[in-house]
Structure formats: structure tokens, C-alpha cells
Amino acid sequence: MKDPMKKSFSRSMVAAFAAVSLVASSAALADVDLSKSKVSAISKQMNVPTEGVFKKFSAQIKFDPAKAAQGSAQVSIDVGSFDIGDKMYNDQVAGKEWFDVKTHPAATFVSTAIAPAGGNKYNVTGKLTIKGKTQTLTVPVTVTQSGATQTFDGVLPIKRSVFNVGTGEWKDTSVVADDVQIKFHIVATK
Amino acid sequence: MASNSVPAAPAGYTRTAVALHWLIALLIICGFALGWVMTDIPGFTPTKPKYFSWHKWIGVTVFALAIVRVLWRATHVPPRLPADMPAVQRIGAHAVHVLLYVLMLAIPVTGYLYSSASNVPVVYLGIVPLPRLIDPDPVLKETFKTLHVILNYVLLSLVVLHVLAVVKHQVLDRDGLLSRMLPFAK
């Protein structure tokens with residue numbers, strides 16, 4: 001056995017993308033602090049939750065809690081920056097069967113409506129595009145305001161099959177589950 | 001034979017001991033083979049996470065059964081070794097047995113810690129999430145990986161010795177030692 005226990009244990013591959021929406025009304029466009037923000041995708045591989053992080057993304061968010069409905073959010077994620085902790089797996093995920101980064105370098109979320117859901121929660125509806133496939137969905141977002149800083153937290157459950165993420169032998173969802181959670185924590189300063 | 005203070009040694013192992021021995025032996029062979037194969041799979045295929053998961057489930061099972069086995073051993077008197085066995089061989093046999101017990105526990109533990117350090121939790125049988133014992137750590141990950149692999153080679157060597165000893169007892173000594181551990185030879 002040349003190199004036993006190579007690489008790390010299996011990691012997940014999965015799908016992922018963007019999510020977030022919020023925005024703001026008359027408020028000026030907030031600057032997203034990428035160093036404090038995080039967008040990740042959690043998938044289950046043989047029922048083992050595995051998280052991969054999108055190292056690069058950009059977001060434009062306008063959100064004023066007083067005028068929630070007028071808010072807006074656009075997030076663009078560089079899917080080639082997906083990191084699940086192992087270069088070999090990262091390269092694999094960038095390939096045709098998963099993200100197909102060459103053809104579809106970005107996954108995007110563009111909000112179309114924001115509705116207050118009580119307290120500091122808002123339901124953000126928008127179009128999520130991954131690998132060229134678009135789905136309209138609604139994600140609950142928690143907004144925390146502290147001084148000039150707004151923080152948006154949420155988890156968006158999607159199915160990777162809807163976006164053709166994981167084709168060929170990966171279509172079988174018994175190893176890598178169809179359900180994927182996109183988790184985001186976006187910190188923006190006005 | 002037995003003095004008043006020491007319980008008499010039985011002629012063979014109890015059914016529990018025999019069952020544990022062969023079950024653990026079978027699991028170790030499967031776990032070892034999977035470990036060998038899965039680490040040589042290039043790239044990432046659906047087979048790979050499957051094998052890794054099975055390998056970990058087997059390891060957890062071996063660990064649990066090994067604990068039961070150590071408890072059995074601590075509470076039972078094992079059958080005696082042949083009376084004419086030289087002292088060196090007795091010491092050798094005991095040493096190998098003790099080390100086998102140690103490895104049955106240590107190998108799953110190092111594998112589990114390797115998994116924890118790699119930030120991959122173990123979900124037993126795909127159903128029961130087991131706690132991550134240590135935080136992800138790239139240095140410890142390599143340490144436990146190396147340890148896990150080395151201990152497996154030690155185990156392989158000891159198993160070879162163990163089996164060679166059986167052959168010696170059967171073929172050269174013809175003392176029928178093996179029958180004590182055979183399930184249907186009572």
C-alpha cells in the first residue's frame with residue numbers, strides 16, 4: 001500500500017451557491033465586509049454532514065428594516081472558490097459533473113421581494129441561479145443591526161438535482177444526498 | 001491441577017469468547033481490506049465515501065466488541081496452555097495476545113481521532129452521529145493518520161505470528177490447541 005489513508009477522508013461534494021437577499025430601500029448600498037462574511041454549503045455524504053466554503057463572492061445589499069419591502073439583495077458567488085478542505089476534491093467539484101466552473105463561473109441570487117416575518121426575521125424571495133439553472137425560492141433571513149453594521153443570517157435548503165449539480169454516477173443520491181443547505185452570514189456596513 | 005484458591009481452568013474457551021474472537025477477526029479482515037483498497041482509489045468516486053464509511057463503522061464495531069472481550073477476559077479464567085510448552089513460548093504467546101487486545105482498541109481510536117482531526121464526523125451505520133472528540137487540526141490529522149497506518153502494519157505482523165503459532169501447534173506439536181477456539185469442535 002503506497003500511500004494509505006491518502007488525502008483526507010471523503011469530503012463532500014456538493015452543490016452550493018448563494019443566497020441572501022435583503023436589501024434596502026432608500027438606504028444607501030451597504031458595503032459587504034467579506035472578511036467577516038461567510039457563505040458555505042453543507043451536504044451529506046453517507047449521512048455525514050460536510051461543509052465547504054465559498055472563498056470568493058460579492059454582494060450588493062440595500063436594506064432598511066423600516067422599509068423592508070423596498071430592500072434588495074444581489075449575491076454573486078465564485079463557485080470555483082469552493083473549498084472543502086482538500087485540493088483534489090476541490091478540483092473535482094469544479095469539474096463538469098459538479099459546478100462546471102468553466103462554463104458557469106458564478107452562482108447568483110437576486111431578490112425579487114422581501115416580506116417581514118415578525119421580529120427581525122424577513123422572508124426573502126428571489127431567483128437562485130446555479131450552473132445556468134434558475135429556481136425561484138424564499139429564504140428566511142435574520143437581520144441583526146448594530147450601529148452601522150447589519151448582519152444577515154440564514155440557511156437556504158435546496159436540492160442539488162434541480163441545478164444539475166452532480167451528474168453522471170453522482171446522480172444517485174445515496175452517497176451524496178440531494179438536499180444541500182446553503183448557509184450564509186453576511187456582514188455589511190452602511 | 002488447580003489449587004483451592006484459583007478457579008479451575010476450563011478445557012476450552014466459552015461460547016462467548018469463541019464468538020467474539022471470530023466475529024472480531026472477520027471484522028478486522030474486512031476493515032483492513034477496505035482500508036487498503038479505499039486509500040488507493042484515485043480521484044473521487046461514489047465508491048470512495050462508501051468504503052470510508054463502511055471502514056469507520058467496522059472500526060467502531062471492533063472497538064465496542066473489543067471492550068466486551070477485554071471485560072470477558074478480565075472476568076474469566078482462560079484455558080491453560082499445554083503443560084509442556086517452554087517458558088519462552090508462553091511469554092511470547094501472552095505478549096502477542098496482550099498486544100492484539102491493545103491494538104483492537106488503539107487502532108479504532110487512532111482512526112477515529114484521524115477522522116475527527118480531518119473534520120469528518122463519524123455517523124455510525126449512517127444513523128447515529130458520534131461525537132467529534134477533537135477539533136479539526138491539520139497537524140494532528142497527519143499524526144493520527146501515520147499512527148493509524150503504522151499500528152495496522154504492526155497488527156498485520158502480529159496476526160501473521162498468531163496464525164503461524166496456530167500452524168506450529170497443529171502441525172508440529174499436534175497438541176490440538178486450535179480446537180479450544182473453534183466454534184463447532186467442542
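Me: What makes Lys38(A) and Glu51(A) a salt bridge?

Reply: Their side chains meet at 3.5 Å, N to O. A salt bridge needs a side-chain nitrogen of Lys or Arg within 4 Å of a carboxyl oxygen of Asp or Glu, so this pair qualifies. Lys38(A) sits in strand β2 (residues 38–45) and Glu51(A) in strand β3 (residues 48–54) of chain A, 13 residues apart; strands here are DSSP runs of E, at least two residues, numbered from the N terminus.

One thing to keep in mind: this is a predicted model, where local features need pLDDT of at least 70, side-chain atom pairs count only at pLDDT 80 or more, and totals for chains, interfaces and linings use all residues. Residues are numbered from 1 along each chain as its sequence is written, chains are lettered from A and ligands numbered from 1 in the order in which they are written, and side-chain values use heavy atoms, leaving out hydrogens and water.

Me: Why is Lys36(A) called exposed?

Reply: Its relative accessible area is 53%. Exposed means over 50%, buried under 20%, and partly exposed in between (1.4 Å probe, protein chains only), so Lys36(A) is exposed. Its salt-bridge partner Asp33(A), at 3.7 Å, N to O, has 22% and therefore counts as partly exposed.

Note on methods
Helices (H or I, at least four residues) and strands (E, at least two) are DSSP runs, numbered from the N terminus.
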